Amino acid sequence: MSSVELSDIRKSFGTVEVIAGVDLEIEEGEFVVFVGPSGSGKSTMLRILAGLEDVTSGTVAIGGNDVTYAAPSERGIAMVFQSYALYPHKSVFENIAFNLRLNKVRNAQVQTRVQEAARILKLTELLDRKPSQLSGGQRQRVAIGRAIVRNPEVFLFDEPLSNLDAALRVEMRFEIEKLHREIGATMVYVTHDQVEAMTLADRIVAFDKGRIQQIGTPLELYRNPSNLFVAGFIGSPQMNFLPARVDESGAARVDIEQSRIIDLGEREFGGSTALTLGVRPEALRLGDTGTQVEGALRIEGEILSLEHLGHVSYAHVIHGDAAPLVVQIDANTTQARGDKVTVSAAPRDIHVFDEDGFSVHERKP
């Protein structure tokens, strides 16, 4: 396993800059997930790391060696794609062994490496089957096995679970996480699914518009998003956002429609008067109108709809012309559509973003 260092990476297609100056260090044995919406630059960044795209400028280093212009085969990487790309006429064994055969590895070593990969991925009993006889999850494990036998310095995963159904995605997330624990390799994983990012990553790198928006552990990004993009992208359902303004005293009072933040603690708003408040659905509390509900934020509204998911329910609460608030409530709720309710939140659960979209706790770049 090796470390990875990306220094001031820029990539343009014609006049369009898709990677706009990325700096990132990945430690040996670390599992890093690139996450972001379509067009954010995360897949392009992975292809640059793999050597499948040339950089416009910048440096790529793996294990301390400059590989910016090295061929993919010279980088010590193995890549698992969204498509399984298995040979339908070859057995599972021969699919896994294909690159070893291509590189004229001795047969005894081929046998050893394939059997070890099959053991790790629970494919031993399937080695004689053809891909058509496998499930989607089994095919993806074969594709991962083909990468394992190469003993790469770095594993690269390009949205490998996108073609699987929900149940198989959960199973394969567990398999990939277990694989990382067992072999301890450096892994870089690209996904648009923030659930995959939260459950797999040692650190998440959030991309948007070709730039890194934040780097941190899953809980760091969840609890302390640096800007509105990260706050809205990490978490499901996403964070509620409310426009707000600093009151005439310039202190910690913020007015929003009929509600008032009574106390946000010792916060500085950086001179901004127009703010955005962010509150996660699970941080909001729901009570009947007229009921004394504790909390700094209080909004009167009406339940527009309810989503019952079995273990939990979500109420969508309309209040004036603003977007509905999503509130997590008990699955056994007696609330109904049309009920008049009060939504509240404690000061510690309210995120504040300035007029440029940055958290008031973060320094602007």
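## A buried aromatic pair

Phe155 and Phe157 are both buried (under 20% relative accessible area with a 1.4 Å probe, protein chains only; over 50% is exposed, and partly exposed lies in between). This is a predicted model, in which local features need pLDDT of at least 70 and side-chain atom pairs count only at pLDDT 80 or more, while totals for chains, interfaces and linings use all residues. Residues are numbered from 1 along each chain as its sequence is written, and side-chain values use heavy atoms, with hydrogens and water left out.

The structure holds seven aromatic pairs. Rings of Phe, Tyr and Trp (its six-membered ring) pair if their centres lie within 6.5 Å; planes under 30 degrees apart count as stacked, over 60 as edge-to-face and the rest as tilted. The Phe155 and Phe157 rings have centres 6.3 Å apart and planes at 15°, so this pair is stacked. Ring pairs also build a cluster of Phe31, Phe155, Phe157 and Tyr189.

Elsewhere, Arg280 holds its charged end over the ring of Tyr222, 4.2 Å from the centre. The criterion is NZ of Lys or CZ of Arg within 6 Å of the ring centre and within 35 degrees of the ring normal.

## The six-strand sheet

Six strands form an open sheet in the order β6-β7-β8-β3-β9-β10, with mixed pairing. Strands here are DSSP runs of E, at least two residues; helices are runs of H or I, at least four; both are numbered from the N terminus. Two strands pair if DSSP finds at least two bridges between them. β6 (77–80) and β10 (211–216) are the edge strands, each with a single partner, so one side of each has no neighbour in the sheet. The twist averages 20° from one strand to the next.

Four bridges join β6 to β7 (residues 154–158) in the parallel sense. Ala78 stands opposite Phe155 of β7. Helix α4 (residues 136–148) lies across β6 and β7, at about 175° to β6. Such angles run from 0 to 180 degrees between N-to-C directions, with axes fitted to C-alpha atoms, for helices over the stretch in contact.

Lys209 sits in the loop between β9 (203–208) and β10. Its relative accessibility is 68%, so Lys209 counts as exposed. The C-alpha atoms of Lys209 and Ser38 are separated by 9.6 Å, though the two are 171 residues apart along the chain.

## The four-strand sheet

A second open sheet has the order β2-β1-β4-β5, with antiparallel pairing. Its edges are β2 (16–26) and β5 (65–66); each has a single partner strand, so one side of each is left without a neighbour. Eight bridges join β1 (residues 4–13) to β2. Phe13 stands opposite Val16 in β2. Helix α1 (residues 42–50) packs on this sheet and touches β1, β2 and β4 (57–62), making about 115° with the direction of β1.

## Nonpolar cores

A nonpolar core is a set of buried Ala, Val, Leu, Ile, Met, Phe, Trp, Tyr and Cys residues joined through side-chain atoms within 4.5 Å. The largest has 49 residues; Ile96, Val114, Ile144 and Tyr189 touch the most other members. Helix α3 (residues 107–121) gives the largest share, six residues. Beyond four places in sequence, Ile144 is in contact (heavy atoms within 4.5 Å) with Val80, Leu121, Phe157, Met172, Ile176 and Leu179. Apart from this core lies another, of 27 residues, including Val4 and Leu46.

In α2 (residues 92–102), the buried residues include Val92, Phe93 and Ile96. The buried residues of α2 pack against α3 and α4.
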